[in-house]
Amino acid sequence: MSSSASWSGCVKRDQRMELSFVLCEEVNRDKTAFKLVTAKSVRRSVEKRRWTPDENELLQRLVEQYGASRWNRFEQHFAGRKGINIRAHWKHHFESAESKRPFTAADDAKLLAAYTLYGPQWSRIAKSMDRRIDNDLKNRFQMLKRRSEPDTVSS
């Protein structure tokens, strides 16, 4: 079949394998073919694309101007991107970069004090820390906890 052929047909789901098989007909010929696709690719109507440096710069300016909340209002500035995707990009690429800086002794003390106050409520602790992500704080706490426990060697 040619690469310019358009596919149409119905989606039938194989419950056992969680894969979708699409019964398709090529428009130019009277041949019937099966095309194996995943369920996600059937639902996805827009291709993913990389964030450009210009988009990253624009996102940083918008967050500086409006704050890191109400992400749906940023959609008008990014064609083809939804608020949830904009938030995820901000969280994973910008906030996490700032959070990866080394921990100081003061950071460790503040983390331990916040843990005694809030317990394992990492999102709440992250709000009290300076530009740290909840998961990084949890990992740091677990590492500090392991270091403070005495080594037990079973004989």
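1. Ground rules. This is a predicted model, where local features need pLDDT of at least 70, side-chain atom pairs count only at pLDDT 80 or more, and totals for chains, interfaces and linings use all residues. Residues are numbered from 1 along each chain as its sequence is written, and side-chain values use heavy atoms, with hydrogens and water left out.

2. Overall layout. The protein chain has six helices and three strands. Both kinds of element are DSSP runs numbered from the N terminus (helices: H or I, at least four residues; strands: E, at least two). Reading from the N terminus, you get β-β-β-α-α-α-α-α-α.

3. Surface and burial. The chain has 155 residues, and 27% of them count as buried. Here buried means under 20% relative accessible area, exposed means over 50%, and partly exposed is in between (1.4 Å probe, protein chains only). The accessible surface of the chain is about 12000 Å², with 50% of it belonging to carbon and sulfur atoms. Those areas come from the Shrake-Rupley method with a 1.4 Å probe, and for residues only the protein chains shown count as cover.

4. Contacts along the chain. Take the contacts between residues at least 6 apart in sequence: 35% of them join residues at least 24 apart. Contact means heavy atoms within 4.5 Å.

5. The largest pocket. How much space lies in it? About 550 Å³. A pocket is found on a 1 Å grid over the protein atoms alone, as an open set of points where a 1.4 Å probe fits, with protein on both sides within 12 Å along at least five of seven lines; lining residues have an atom within 4 Å of a point. Grid points are joined across faces, edges and corners, and the volume is the space filled by probe spheres set on the points.

6. What lines that pocket. There are 21 lining residues, and K91, E95, R132, I133 and D134 lie nearest the centre. Helices α3 (83–99), α5 (122–128) and α6 (134–148) each supply at least two lining residues, and α3 gives the most, with nine. By class, the lining has seven nonpolar, four polar and 10 charged residues. For the classes, Ala, Val, Leu, Ile, Met, Phe, Trp, Tyr, Cys and Pro count as nonpolar, Asp, Glu, Lys and Arg as charged, and the others, Gly among them, as polar.

7. Are they buried or exposed? D107 counts as buried because its relative accessibility is 18%, and D108 counts as buried at 13%. Leaving aside neighbours within four places in sequence, D107 is in contact with P102, M129 and R132. R132 is also one of the residues nearest the centre of the largest pocket. The side chains of D108 and R140 are joined by a polar contact of 2.7 Å. A polar contact is a pair of N or O atoms within 3.5 Å; within protein, one must be able to donate a hydrogen and the other to accept it, and residues adjacent in sequence count only if both atoms are side-chain atoms.

8. F78 in the loop between α2 and α3. F78 sits between α2 (53–66) and α3, and it is buried, with a relative accessible area of 1%. Not counting residues up to four places away in sequence, F78 touches W51, E55, L58, L59, L62 and I86. F78 and L58 are 20 residues apart in sequence and 9.1 Å apart in space, C-alpha to C-alpha.

9. Beyond its neighbours within four places in sequence, E75 is in contact with R81, K82, G83 and I86. S69 is in this loop as well and counts as partly exposed at 35% relative accessibility.

10. R70 lies in the loop between α2 and α3 and counts as exposed at 62% relative accessibility. R70 has a positive phi of about 50° although it is not a glycine. Most residues other than glycine have a negative phi.
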